[in-house]
Amino acid sequence: ADGHLWLVDPNDATGAFLQGLRGPSVSIALLRHGTPVLGVVFAYTAPDDAGDLIFWAEGLPAIERNGHRLSRHWPHSPSKAAVVLTSVKRTAADVRHSQALAHPMTVRQTPSIAYRLALVAAGEADLTVSSTHLKSWDYAAGHALVNAAGGLLRGASGMEITYSEEGTSETGGKLFGGSPELVTEAARRWK
């Protein structure tokens with residue numbers, strides 16, 4: 001109604017959940033005329049069994065994580081101190097490839113794209129990269145959080161992520177979220 005649309009993923013990273021990995025999440029977004037205005041990501045088993053709740057809604061002064069208001073300062077260039085979150089890689093060669101592309105940044109693996117975007121928005125990492133085919137409900141809540149923190153979300157070749165009135169979106173097979181400068185650099189490196 002009135003151009004509002006909910007996008008919900010009740011179990012982002014289902015495969016990781018079935019393997020017993022920590023990090024899958026519930027992801028809830030609200031779009032208004034194609035713009036994310038609310039994002040809630042709850043990683044119910046991460047970092048421990050207490051879970052991790054990160055949320056923001058239009059009108060709130062800042063993102064909140066487990067009841068604490070956050071502020072975010074973004075790095076402007078790749079460095080060893082910068083952290084890149086990727087999906088869980090299948091082989092050692094995949095891990096080495098991600099590390100080579102991210103150099104000199106540090107790579108960490110986390111299964112859920114929604115949770116990775118939420119962690120980036122919360123300041124636990126500076127960039128997340130996905131090279132898998134995603135649906136808008138996978139990343140819309142994280143998109144709201146990254147935007148609220150002053151970050152950027154882009155698709156392949158730096159394309160802007162937009163949503164139709166039906167909530168569909170296209171990434172071109174890649175997704176980059178985080179520091180505006182690092183997103184631009186990552187879109188150049190991960191072709």
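## Reading the terms in this model

S98 is found in helix 2. The model is a predicted one.

Q: Why is S98 called buried?
A: A residue counts as buried when its relative accessible area is under 20%. S98 has a relative accessible area of 6%, so S98 is buried.

Q: Which residues does S98 touch, not counting residues up to four places away in sequence?
A: S98 touches T86, K89, V107 and W190. Contact here means heavy atoms within 4.5 Å.

Q: What makes Y115 buried or exposed?
A: Y115 lies in helix 3. The cut-offs are under 20% for buried and over 50% for exposed. With a relative accessible area of 5%, Y115 is therefore buried.

Q: What is Y115 in contact with, leaving aside its neighbours within four places in sequence?
A: The contacts of Y115 include G23, S25, V41, A43, A46 and P47. D52, I54, R65 and T110 are also in contact with Y115.

Q: Why are helix 3 and helix 4 called roughly parallel?
A: Angles under 35 degrees count as roughly parallel. The axes of helix 3 (residues 113-122) and helix 4 (residues 136-148) cross at roughly 5° and come within 8 Å. The two helices are therefore roughly parallel to each other.

Q: Which residues of helix 3 and helix 4 meet?
A: From helix 3 come I113, A114, L117, A118 and A121. They meet D138, Y139, G142, H143, L145 and V146 of helix 4. By class, this contact has eight nonpolar, two polar and one charged residues.

Q: Which residues of helix 5 are buried, and what covers them?
A: In helix 5 (residues 180-189), the buried residues are L182, V183, E185, A186 and A187. Their cover includes strand 9, strand 10 (152-155) and strand 11 (175-178).

Q: What is the volume of the largest pocket, and which residues are closest to its centre?
A: The volume of the largest pocket is about 670 Å³. Of the 29 residues that line the pocket, S87, V88, R90, P111 and T132 are the closest to its centre.

Q: Which elements give two or more residues to the lining of the largest pocket?
A: They are strand 1 (4-12), helix 1 (14-18), helix 2 (92-102), helix 3 and strand 9 (127-130). Helix 2 gives the most, with four residues.

Q: How do the residues of that lining divide by class?
A: The lining of the largest pocket has 10 nonpolar, 12 polar and seven charged residues.

Terms used: Residues numbered from 1 in each chain as written. Predicted model: local features only at pLDDT ≥ 70, side-chain atom pairs only at ≥ 80, totals over all residues. Heavy atoms only, no water. Axes fitted to C-alpha atoms, helices over the stretch in contact; angles between N-to-C directions. Parallel < 35°, antiparallel > 145°, perpendicular 65-115°, else oblique. Nonpolar A, V, L, I, M, F, W, Y, C, P; charged D, E, K, R; others polar. 1 Å grid on protein atoms, 1.4 Å probe; cavity = no way out; pocket = protein on both sides within 12 Å on 5 of 7 lines; lining within 4 Å. Points joined across faces, edges and corners; volume = space filled by probe spheres on them. Buried < 20%, exposed > 50% of the residue type's maximum accessible area, 1.4 Å probe, protein only.
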